[in-house]
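Biologist: I am new to this one. Please show me the model, and then let us go through it in short steps.

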Amino acid sequence: MTAGALAAAPVGAVPARGDLAATGVEAAFCGLLRDCLQGAEVTPESHFFDDLGADSMVMAQFCARVRKDPELPRVSIKDVYRHPTVRGLATALGGPVTPGATPPVVEQLGSVLADVLGRERVDPEAHFFDDLGADSMVMAQFCARVRKQPGLPTVSIKAVYQHPTLTGLASTLAPTPVAVEPEQARPAGPTAAPRSGTPGASAPPAVLAPARGRPRYVLCGVLQALTFLGYTYATTALALRGFEWVVDSEDLFAFYQRAVLVGAATFAGAALFPVAAKWILVGRWRAERFRVWSLPYLRFWVVKTLLRTSLVTRLYAGSPLYCLYLRALGARVGRGTLVLTRAIPVCTDLLTIGEGAVVRKDTFLSCYRVVDGVVETGPVTIGRHAYVGEGSVLDIGSSLGDGATLAHRSSLHEGQSVPSGQTWHGSPAAPTDSSYRSAAPRRSGSARRFAYGLGQLATTALLTMPLAVGVLDAAIADLPVLDVDLTPGTPGDAGFWLGCLLVSLVVFTGGALGSALFVVTVPRLLALPLRPGRVYPVYGLHYSLQRTIARTTNSKFLTGLFGDSSYIVGYLRAIGYRMTPVLQTGSNFGTGVRHETPYLVRIGTGTMAADGLSIVNADFSSTSFTLAPARIGAHSFLGNAITYPSGARVGDNCLLATKVLVPVHGPVRHDVGLLGSPAFEIPRSVDRDLALLPPEDQVPALLRRKNRYNLRTILLFLLARWSNLFLVLGATLVAAELYPRFGSVVFAASTVLALLLTTAWGVFLERLSTRFRPLRPRTVSIYDPYFWWHERFWKMHAHPEVFNGTPVKGLIWRLLGVRGARRLFDDGCGMPERSLVTLGDGCTLNAGATVQGHSQEDSAFKSGAITLGAGCTVGVGAWVHYGVTMGENSALAADAFLMKGEEVPAGAVWSGNPAVQVLDPPVAAAGDGAGRPAAAAPGASRGSPDLRGPAIVIPAEPTSRAAADGRPPATGPARHRAGAAAGGVAVAGLVPALTAASVGRGRHRASPGSPTRRSR
């Protein structure tokens, strides 16, 4: 096989044995290796290290001698370690190459890389990282530029890490990227007829008429505001009536009786109202598509907002009551199911969870997604006794068969179905031999589940709610003790506001100190009966203890207070982390560190972790749970959004990149970096990053300066939180003064006013922390004062999550420094560096997505700009890193990780971790002066790019009934059923026309002749 033929082979292709000039290549390799070993006997099957006793120095000499022979294939030291025999090496490298000059593809790649590095030329055998000093940002830019060259094959960042020389890279690349047709993108394998009531997938996507102008956008925002005002007034009025009735009690016993009744009624109303609203406004969810900012979307938003703020979601995740609640909302949930995620499904009628299944926390299975301003709903099916790992994403039209397993930090894309009994991992998921379950089943019958749920309800009704009412009554009664004059007219006096300051200071200080004292003491006592390795039944005493420990020790306030500073180490050790000895860096952990239990976490010396680390040291089955120690090696670095299981096969001195799937099988990794899902090895560090570090003798003095700076930042953080409490308390006390004259409306108005004040104050404080100037891209060490200032900026962040799914969210992003963001749809995206982000018109950001303008690797901090063109879509749980540019109308699939420096062409679809192109951009029509694509790719309308991942072959074997239910949703004109009859019932003051619009109305219909592109 010639070098040209090998370069034309697909990635990962292995040439047939008959194509190799085996005798010549193997004989030549044996001869050269014999010379390096000074005459030792070498056979084609001899293992370089085990049989011949060679070391890296000997094999480096061997590689150098091979490269001197132009008739032999190029050999790198990485090839030697991957194929440690002569025969394996010769087979993998494809035999001899044609003698002569460097292959043209290598020369062209070298020219592009030289331009990126600012050099005249690049040696084809030079290692990208070790010899040229490149990093992932540089190589991402190289990949992007290669994709722009029409005569060069597509290069992915994964291929760059696997073949870190130009010669090695060229030998594995296909000549041109191949567009993936929509039908090819679907997994091959068996299909089954959909269950009755579940639409099929054969109908083509309906084309929705594009939304033109701003009226629909503004009108939807107005109706959302009116809905919020009506809901706030109704709930406030009912709460005040109940509270007045309780405090009018004649004695303590009567007070308690009334508090129990009012508390139980309040909780029941808060839990059941979202259920009633869902059935009245929507009826039964069907697989359909409708535009955002439309009336169908308004009904969708009301239901979604009520569910996401429900007390049941916050209090009872992981309880049998949670499963009952899902059934009341229309989901098909089997007996004995354990659902731990608080991301409650929205389109619940499309969700099926089989008997005995387990869904871990932070999993997205919402049964909807938003693509280019179009909400698409579809089924998600989880079979009997299936297992979904923590932090996973299940896109619409995906399913798991009976007994199937989806690993942590993995995803299933539309059309993917895990066969019964199989384990899949990765993004998008693929089969694996790894095991992600460790909890053996225990007997746990219906009586145990009933008793546990009944106990939770009794605790809420008889203890929690009456206690809350009693504390509120005592606080109001004791306000005069704090010299707060509440006589009429006092809000205009200075003494009134001085009293507000005093009350808020006492409450805030006492709450902060009390919570810190509670976290470091009470959970330790609760953990005494729990032993690692023992299997406990769920819904029992030990289960309650474990859940209480997890909730109380994962304090967002305290980790936010101490994170990104030296003080986080002391806090984590105080709550139970084992970190001895401690090598203080000043930024050992970010502000987002979580665990199942802190008493089984061991972290090696010198290790650093960014935000979003979740340590999984408890495993669950539907009937049991068990605890296990989790150890993170020394001198390691963990990036963002990492789920770290207790059985991780990761040792010392490792770098875990953002969203990496931590391996749980194979050898223990040492001294390497891991990237992607599934993970593959990359260089542990880059010389360019190490050059940023100050001299070692200066580090202690810089660390002392950083500690003082971080201490001032902590004080500012406390001041900002206290000021928020003061604003809320002030608005409430003013309403209390006006209540006798105006009634409940003033308390409703104070609630709205408090929301507006705290939002505006948060925006002001964040912009003040940057001196009202935009951020600039920087590359510094963590001991540079700029980084300390950037940590302060993170702590002063405003939090506009309450406005998710509304036009107000785009306005707040612009106030915080985001450029553009016109007609933005943001369903819950994180954006740490706001002023480094530019969003084109009509962008769509899904729930759980992150657009992050920085990274930190060891002691090096880097930030850069991010640009998303008009009409871009970022999928559910996807991650966009800094230095990224996404062209117009491009899309990033669910759970994808778009690495730093990537450039996504206009109209393209990228998927995976790290993300690669899976659908080519459409060809621009002739005469399109704007250079925009004239039409969407085949099978994908302008309103709905195909977000499925690359083709994954599923074994042709019968699937279970549950797996059969996971067919992709139909997008044809199936009608949207209304549910209850018209009645004119409005939700908490909602405009009656909204309810009337849902009665007898089909789904948002589209004109078949509507254009597929939005006018811009």
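Biologist: How far apart are the closest N and O atoms in the salt bridge of Asp 827 with Lys 304?
Modeller: This is a predicted model. In it, Asp 827 sits in the loop between strand 32 and strand 33, while Lys 304 belongs to helix 13. The two are 523 residues apart, so the pair links distant parts of the chain. Both residues are buried. Their closest N and O atoms are separated by 2.4 Å.

Biologist: Which parts does the salt bridge of Lys 809 and Asp 826 tie together?
Modeller: The side chains meet at 3.0 Å, N to O. Lys 809 is buried, with a relative accessible area of 2%, and Asp 826 is buried at 0%. The residues lie 17 apart in sequence, so the bridge ties together helix 25 and strand 32.

Biologist: Which residues are linked in a network with Arg 369?
Modeller: Start with one pair. Arg 369 forms a salt bridge with Glu 376, at 2.9 Å between the closest N and O atoms, and both residues are buried. The network of salt bridges links Arg 369 with Glu 376, Arg 289, Asp 395 and Glu 414.

Biologist: Which strands stand at the edges of the open sheet of three strands?
Modeller: The strand order is 30-37-36, with antiparallel pairing. Three bridges join strand 30 to strand 37, and four join strand 36 to strand 37. Each edge strand has a single partner, so one side of each is left without a neighbour in the sheet: these are strand 30 and strand 36.

Biologist: Which residue of strand 37 is the bridge partner of Glu 857?
Modeller: Strand 36 and strand 37 form a hairpin with two residues between them, where Asp 858 takes a positive phi near 55°. Ser 781 has its bridge partner in strand 37 too, and that is Ala 860. For Glu 857, the partner is also Ala 860.

Biologist: What angle does the direction of helix 24 make with that of strand 37?
Modeller: Helix 24 covers residues 785–795 and packs on the sheet. It touches strand 30, strand 36 and strand 37. With the direction of strand 37, the angle is about 65°.

Biologist: How far apart are the end C-alpha atoms of helix 7?
Modeller: Helix 7 is mostly covered, with 10 of its 13 residues buried, among them Met 137 and Phe 142. At 1.5 Å a residue, the helix should span 18 Å. The model agrees with that, as the end C-alpha atoms are apart by 19 Å.

Definitions and conventions: Residues are numbered from 1 along each chain as its sequence is written. This is a predicted model: local features need pLDDT of at least 70, side-chain atom pairs count only at pLDDT 80 or more; totals for chains, interfaces and linings use all residues. Side-chain values use heavy atoms; hydrogens and water are left out. Two strands pair if DSSP finds at least two bridges between them. Contact means heavy atoms within 4.5 Å. Axes are lines fitted to C-alpha atoms, for helices over the stretch in contact, and angles run from 0 to 180 degrees between N-to-C directions. The expected span of a helix is 1.5 Å times one less than its number of residues. Buried means under 20% relative accessible area, exposed over 50%, partly exposed in between (1.4 Å probe, protein chains only). A salt bridge is a side-chain nitrogen of Lys or Arg within 4 Å of a carboxyl oxygen of Asp or Glu.
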